[in-house]
Amino acid sequence: MKEQFQQKTAGQEEETGSTRGHMAAVFTVAVWGTTFIATKILLRGMAPAEILFFRFLLAFLVLCAVCPRRMKLKEKKHELLFVGAGLFGITFYYLLENVALTYTLASNAGVIISVTPFFTAILSHIFTKDEKLRPGFFIGFLTAIAGICLISFNGASRFHVNPLGDLLELGAALAWSSYAVFSRKISRYGYNTIQVTRRTFFYGLVFMIPALLLMDFRPDFSVLGNSTLLFNFLYLSLGASALCFVTWNTAVKKLGAVKTTIYIYMVPVVTVAASAIILDEKITWMSALGTALTLAGLVISEGRIKSKKEKEAAANY
């Protein structure tokens, strides 16, 4: 009887943690879906390299202020996980995406980056082996991609093939998938989420410096005297970076890399809605249908993935 009660309590705690994970993931993509608009506004006065570096530098300093305690590693080899997370999730992902957008169309990038959940699923299956994929995941993936294509190519005459830019964007998708796997591995060791995010930002900034030297980096802070640009810069730094990377890492810890990354399907949906509200862009039947398909794909994929922990809990219950 006592054993059954403990199992039931553990199951309820697992369910509560899962709910919090989903809420954290939804909040994160809701913010990230609006960052395209904030960045577009900020580009009126700042170069992409400036935005990228100072966005994460301010986020790093804020996290240091919020949680100043020094992180003590449980094992020295864990440092490599943080190095990998910073290199792939911050430096490679953002630099590859920014450079890709100078060669390819935003619509191309929107579709290509949406293969991230697929890459994450494959890498997670190979390196973590705690999430088993079923046919429903792939059905959901194809459904979501169809929806994202409708959203991205809404009003476009055709898909423009730009080999270099498209390959760079594909590299960005692979980089984020790698970051998701590193984050999942880190989450197993019970480190404080804010400290994890802070350490990841540190390595991302370190690896970013050599790249900035090659990109003619010339910061100009005078543009932040403009209240609109300052607001959008703070939004990207404090909201989309400092806060959202913490909530994203929390979601990965609760749900796993694959389930969390699936929420990236929602980013173009949020962008469409935010553009209609903020920029007064019209929502057409094509974007509305694309939104419906994308959300359906997310639901289908989420419903068919079970982590090893969840399957064991279900079996014991």
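How many residues has helix H4, and how far does H4 reach from its first C-alpha to its last? The views below come from a predicted model, in which local features need pLDDT of at least 70, side-chain atom pairs count only at pLDDT 80 or more, and totals for chains, interfaces and linings use all residues. Residues are numbered from 1 along each chain as its sequence is written, and side-chain values use heavy atoms, with hydrogens and water left out.

**View 1. Helix H4 and its kink at Phe-92.** Helix H4 (residues 79-100) has 22 residues and reaches 30 Å from its first C-alpha to its last, close to the 32 Å expected at 1.5 Å a residue, the expected span being 1.5 Å times one less than the number of residues. Helices are DSSP runs (H or I, at least four residues) numbered from the N terminus. A kink of about 30° is centred on Phe-92 in H4, the bend being the angle between axes fitted to the seven residues ending at a residue and the seven starting there.

**View 2. The packing of helix H8 against helix H10.** H8 (residues 163-187) and H10 (residues 227-255) pack at an angle of about 65° with their axes 9 Å apart, where axes are lines fitted to C-alpha atoms over the stretch in contact and angles run from 0 to 180 degrees between N-to-C directions. That makes H8 roughly perpendicular to H10 (65 to 115 degrees). Residues in contact (heavy atoms within 4.5 Å) include Trp-176 and Tyr-179 in H8, and Phe-245 and Trp-248 in H10.

Note on methods
Helix = DSSP H or I, 4+ residues; strand = E, 2+ residues; numbered from the N terminus. Parallel < 35°, antiparallel > 145°, perpendicular 65-115°, else oblique.
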